Amino acid sequence: MRSHEKRVNVCPRTQGKYLVSVVLTAVFALVTLSGTLLFSADAVADAAESQAVAQVGNATYASVQEAISRTTLKNTTVTLLADVTESVTITPPKGVRNVTFDLNGHTLQATESGGAAGFATITVPANMQLTIVGPGTVAGGTQPAVDCRGALHVEGGTFTSDATLMRFAETDETSAQGSFSGGTFTAPTLFNLLDDAKNLGYVTVRGGEYRGMIPAGLNTLVLLSGSFSDSSNLAPYLADSLGLIPDGTSGDGTGDGMFHVGDLAISSK
């Protein structure tokens, strides 16, 4: 009996210590879990931020195409935040017809998909207008840098392709428009028609540096200013100008091998 009573007197004290230990362990576990959850949330947020490649307004997106789809009448500028490999189509929400693409010093590279079946880096559908500003690069690789059925305005940037750089389409349903006021353009063929086009559309060059060939017979292409590496087919495209001035005629006479469209002639029109 005494032994039993002794055990009864000790058990509550031992049980109390056990409960305190359990509570402290639980509190420690909760604190640790809370810290882990907070750390995980911060890590996820940091990872999402690091994966952002484009921005519209204050919002960032993991793809350029998604950013284009989130433009609004108030925020129509898509800003590139990182170098990215992605072929995009200018398809903003209903009601948005004009989009500005700010390269922001980065490169947009076409997605390679096995040669002729691939898509241009940027596709501008009919009834859409795209303005591209630099600095930055649009690289087509084996594909064109731009396919255009709508309207394209280029104010700056570097554009490259291993094939045709820019393709435009005038069909029975639509007529493309192009306007180039600045930038550097390099490809074997600079301008040409899309496959189903009857004509080029209406393309005007007002400035920029063009390294590559312009095919003959693009009767709606007009050159008002700019510098060109290949002058073989340019004469028919010169509009109201004094002609081509070869580089290397001043200074040490070396130049860069480019031909520059002369000053616009005074016209009575």
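Trainee: Which residue of β12 is the bridge partner of T131?

Mentor: H153 is the bridge partner of T131 in this predicted model. The two strands involved, β9 and β12, run parallel and are joined by four bridges.

Trainee: What makes β9 and β12 a pair of strands?

Mentor: The rule asks for at least two bridges between two strands.

Trainee: What about β6 and β9, in which sense do they pair?

Mentor: Strand β6, residues 98-102, pairs with β9 in the parallel sense over five bridges. One of the partners can be named: F101 has I132 as its bridge partner in β9.

Trainee: Why is β9 called largely enclosed?

Mentor: A residue is buried when its relative accessible area is under 20%. Four of the five residues of β9 (129-133) are buried, so the rest of the structure largely encloses this strand.

Trainee: Where do these strands stand in the sheet?

Mentor: The sheet is open and has nine strands, in the order β2-β1-β3-β6-β9-β12-β15-β17-β19, with mixed pairing. What puts β2 (59-61) and β19 (221-223) at the edges is that each has a single partner strand, so one side of each has no neighbour in the sheet. From one strand to the next, the twist averages 15 degrees.

Trainee: How do you know that β12 and β15 are paired?

Mentor: By the bridge count: β12 (residues 151-154) and β15 (residues 177-180) run parallel and are joined by four bridges, and the rule needs at least two, so they pair. Q177 in β15 is the bridge partner of A151.

Trainee: What makes R167 and D147 a salt bridge?

Mentor: Side chains of opposite charge can pair when their charged atoms come close. The cut-off here is a nitrogen within 4 Å of a carboxyl oxygen. For R167 and D147 the closest N and O atoms are 2.8 Å apart, so the pair counts. The pair links distant parts of the chain, with R167 in strand β14 (residues 164-168) and D147 in strand β11 (residues 146-148), 20 residues apart. R167 and D147 are both buried.

Trainee: How many salt bridges are there by this rule?

Mentor: Six salt bridges. Among them is R149 with D196, whose closest N and O atoms are 3.1 Å apart. R149 is in the loop between β11 and β12, and D196 is in the loop between β16 (184-193) and β17 (202-205), so this pair ties together parts that are 47 residues apart in sequence.

Trainee: What makes D147, R167 and D195 a network?

Mentor: Salt bridges link the three residues, with R167 taking part in one with D147 and in one with D195. The D195 side chain meets that of R167 at 3.8 Å, N to O, which is within 4 Å. D195 sits in the loop between β16 and β17, and R167 in strand β14, 28 residues apart.

Trainee: Why is D195 called exposed?

Mentor: Its relative accessible area is 75%, and exposed means over 50%.

How values were computed. Residues numbered from 1 in each chain as written. Predicted model: local features only at pLDDT ≥ 70, side-chain atom pairs only at ≥ 80, totals over all residues. Heavy atoms only, no water. Axes fitted to C-alpha atoms, helices over the stretch in contact; angles between N-to-C directions. Buried < 20%, exposed > 50% of the residue type's maximum accessible area, 1.4 Å probe, protein only.
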